[in-house]
Amino acid sequence: MADLTDLAVIKEVLTRHGFTFSKALGQNFLVNPAVCPQMAAACGADESTGVLEIGPGLGVLTKELAQKAKKVVSVELDTRLLPVLSETLQAFDNVTIVNDDILKADLPALFRQHFDGMRVVVCANLPYYITSPVLLRLLESGLPIDAITVMVQKEVAQRLCAAPGTKNAGVLTVYADYYAQAELLFSVSKGSFHPMPQVDSAVVRLTMRNRPAVAADDPQKFFRLVKAAFSQKRKTLVNAVSSTLHLPKETVAAALAQCSLPSAVRAEALTTAQLGALYRALRAEEVL
Ligand code: SAM
């Protein structure tokens with residue numbers, strides 16, 4: 001079987017198919033042979049697991065996943081890669097390529113069609129231009145996903161896994177923590193890709209929680225509060241929330257006091273649980 005991390009093999013296959021890389025589609029393919037086996041091992045796939053992959057590219061990670069999982073479904077937007085993948089993955093009868101945009105695909109239907117009754121994990125080297133929307137789509141989907149193991153830009157990995165009170169904490173941190181337990185597994189240098197991107201990457205595993213980290217009767221309203229709280233990083237939470245959500249400052253300050261939080265606190269200093277308590281205090285006042 002051809003080594004898809006060998007640059008000479010990649011060039012030969014791509015030239016034969018007349019393929020040129022699309023920067024717009026985030027096409028930086030992995031050429032470090034150590035990375036895909038590590039990702040496949042970390043994602044938790046076994047012979048009873050279905051894996052959803054996003055953006056198989058040449059199939060370098062797909063091959064590793066197919067050797068571990070019962071079934072792999074890979075969603076690839078670029079039609080030009082379909083004949084390439086038919087060739088590189090021809091040895092595997094447990095791989096299905098779906099030609100679709102992961103942001104538009106009907107995921108519940110895809111799960112029903114391919115993963116019925118199976119434990120499912122997600123594993124992908126994500127196209128960087130859509131990292132956050134893809135992760136939010138998966139996290140909010142309510143689909144029976146056990147874990148999401150993804151390669152993302154290093155800065156995004158740091159935000160996903162940031163501890164409250166650190167400079168990297170933000171809306172994405174709270175989203176990840178609300179739905180999952182986030183772990184930064186390992187870093188991957190930009191030299192591990194072809195063509196080489198401008199930034200380093202890291203692999204993150206989001207292990208989905210059985211229930212959200214905080215009790216919020218309306219998650220959309222909870223995240224509206226979270227976004228407002230982080231909307232103006234230089235401002236205190238009271239100022240940011242009151243100006244963004246058009247609430248009286250006294251109301252927000254009183255809710256903070258009710259949660260035993262200092263009036264001058266900033267959003268990034270709060271844990272997800274504290275943001276949840278603030279949400280419930282404001283909901284009790286019927287202002288959210
Ligand atoms: N998995 C391969 C690897 O690790 O070498 C390729 C990863 S490359 C960073 C991202 C892949 O996602 C490319 O194959 C690209 O065509 C595909 N892609 C980009 N946008 C997409 C979208 N909206 N939906 C599905 N796939 C997409």
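User: Why is the sulfur of Cys161 too far from the closest cysteine sulfur for a bond?

Analyst: The closest cysteine sulfur, in Cys123, is 15 Å from that of Cys161, whereas a disulfide is a pair of cysteine sulfur atoms within 2.5 Å, so the distance is too far for a bond. This is a predicted model, in which local features need pLDDT of at least 70 and side-chain atom pairs count only at pLDDT 80 or more, while totals for chains, interfaces and linings use all residues. Residues are numbered from 1 along each chain as its sequence is written, and side-chain values use heavy atoms, with hydrogens and water left out.

User: How many disulfides does a search of the whole structure find?

Analyst: The search finds zero disulfides. Cys123 is in none, the nearest cysteine sulfur being that of Cys43, 4.2 Å away.

User: What makes Cys123 buried and Cys161 partly exposed?

Analyst: Cys123 has a relative accessible area of 0%, and buried means under 20%, exposed over 50% and partly exposed in between, with a 1.4 Å probe and protein chains only. Cys161, at 25% relative accessibility, therefore counts as partly exposed.

User: Why is α9 called oblique to α10?

Analyst: Helix α9 (residues 219-230) and helix α10 (residues 237-245) pack at an angle of about 120°, with their axes 7 Å apart. That angle makes α9 oblique to α10, because angles under 35 degrees count as roughly parallel, over 145 as roughly antiparallel, 65 to 115 as roughly perpendicular and the rest as oblique. On the α9 side, the contact (heavy atoms within 4.5 Å) is made by Arg224, Leu225, Ala228 and Ala229, and on the α10 side by Leu237, Ala240, Val241, Thr244 and Leu245.

How values were computed:
Axes fitted to C-alpha atoms, helices over the stretch in contact; angles between N-to-C directions. Helix = DSSP H or I, 4+ residues; strand = E, 2+ residues; numbered from the N terminus.
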